[in-house]
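Thank you all for coming; I would like to walk you through one model this morning, and I will take the parts in turn.

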Amino acid sequence: MTTPDVDAPAVPSTPDSAAQAAHRAAVAGARQATRQDAPPGRDAYAADGARAAETAASPEPSLADRPRPGGSSGGRSGLFSAEEVRAEFPALHRTVNGQPLAWLDNGATTHKPHRVIEALTGYYSYGNSNIHRGAHTMAREATEAYEASRAAVAGLLGASSAQDVVFVRGTTEAVNLVAQTWGRDNLGPGDDILVPVLEHHSNLVPWQLLARRTRARVVPVPLLPDGRLDQDAYADLLSLRTRLVVVSHVSNVLGTVQPVREMTALAHRYGARVLVDGAQAVAHMPVDVAELDADFYAFSGHKVFAPTGIGALYAKPELLAELAPWQGGGNMIEHVGFDGTEFAPAPHRLEAGTGHIAGAVGLLAALEWLTSLDRDGIAAHEARLTSYAQQALGTVPGLTLLGSAPDRVAVLTFTLAGHDPAHVADWLDRNGIAVRSGHHCAQPSLAHFGVTSATRASLALYNTAEEVDRLVAALHALTSGEDATPPPPSQPGGPGG
Ligand code: PLP
């Protein structure tokens, strides 16, 4: 493997040398990943994990006499250790309002491990260049890293080729891209778009806009009282008019996992296409677009330990080949003349202008990091922590959890009788605990439960039972009248749901 030329002082143990090393590693890794067309394996971390398991941390304080999932840390399973992983996230070690931070707002965004931060610093310090059109070393290095990131996304999603992946700003942009390309070309008056009631606004509003333009119909797929998608109603609503079904893999309000494979198979019987919103799924479970038979799959980097402003849309190659350009500019053409323009093949045809190169570098680092972990161990840890939290929250007087569907991942949304959700979030913040309150960009699903606002705690692989204990203890304190301050005015619950 060739070492890239990086013209910078090689002074050991300075922040610069760390950035330089990160950049060297990123370029070397990019070359390797490009060759393999898939993210590297998990051997490196497995060794670390084994060491971590050997040196398991000592028990930590918790709410008395409550059963703890998975022993003292609440999370260790095989090679995966939440405590070990926490050490890699600088933000998790800060204090907020004089308390150690408990970040339970992962549904909105996740924190970034050192490796991602260093990849960004390394890129901007030593690797910064535009891509795809520069005839010099740094342009080639940046292009290799960008394309390696695309290959890593393909590896993460089980896509057969990196060329099936379009870089976008995030899930929202991916959905809008499909609406404005495939949607405009394939929908017309009387066509149906089936949208479950639990969708995030990002997977509803673009379809309403499209329906208005094409005179297609947005048809809601109802929920059962427990929050599950009503599969009988779904089957009844499907018809030859159905051109598109959209569905979130994991709900951002309930954490429920939809039976995407079954829904896709049914939709395909009617010739409908299926778009899966994976925003809340990719950080929590392995995804295989081939197994799901998804036509489109979208996710946001920032919810999977990568930077904001970068995400990806997977599309089946035959669909991608059909998608017309939705934005014009540089990078997406083969030839331009006043007599007409010849467009580049997908995915580049759909990526006009300079992409978020640093974001792609950070995404590559995040995906290499995530896929090097014991993902079964992560899933087991999160499942135990979620059911522990569910049980523990049940002890808080007046607390009602939204939804009781069984298949739930990492999300707990609740109301607390007599307490405005904004006030609950503010009280928790004063205790160093970050949660979200509001409508979670999913007003129809809150309406299903008869509320307009709720509080949401959302977990990630680095959360522990101690943090859940702190959440529950703070809620107990609130309900027993410890908070004497007047509640803040209710907030509408902006983005980030
Ligand atoms: N879909 C779901 C299920 C989400 O939870 C979110 C964000 O919270 C989005 C889509 C939108 O993601 P982004 O704002 O990163 O585009």
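How many bridges join E16 to strand E17, and in which direction do the two run? Before I answer, please bear in mind that what you see is a predicted model. There are 3 bridges between E16 and strand E17, residues 454-458, and the two strands run antiparallel; within this pairing, Gly438 has Ala454 in E17 as its bridge partner.

Let me turn to a pair of helices. The axes of helix H13, residues 375-393, and helix H16, residues 465-479, come within 10 Å and cross at roughly 20 degrees, and because angles under 35 degrees count as roughly parallel, H13 and H16 are therefore described as roughly parallel to each other. Where they meet, Leu385, Tyr388, Ala389, Ala392 and Leu393 in H13 face Ala465, Val468 and Val472 in H16, a contact made up of 8 nonpolar residues, with no polar and no charged ones.

Finally, the ligand is surrounded by 15 residues, the closest being Gly170, Thr172, Asn252, Ala279 and Ser300; the shell divides into 1 nonpolar, 13 polar and 1 charged residue.

How values were computed. Residues are numbered from 1 along each chain as its sequence is written. This is a predicted model: local features need pLDDT of at least 70, side-chain atom pairs count only at pLDDT 80 or more; totals for chains, interfaces and linings use all residues. A residue is near a molecule or strand if its C-beta atom, placed from the backbone, lies within 6 Å of it. Ala, Val, Leu, Ile, Met, Phe, Trp, Tyr, Cys and Pro count as nonpolar, Asp, Glu, Lys and Arg as charged, and the others, Gly among them, as polar. Axes are lines fitted to C-alpha atoms, for helices over the stretch in contact, and angles run from 0 to 180 degrees between N-to-C directions. Helices (H or I, at least four residues) and strands (E, at least two) are DSSP runs, numbered from the N terminus. Angles under 35 degrees count as roughly parallel, over 145 as roughly antiparallel, 65 to 115 as roughly perpendicular and the rest as oblique. Two residues are in contact if their C-beta atoms, placed from the backbone, lie within 7 Å. Two strands pair if DSSP finds at least two bridges between them.
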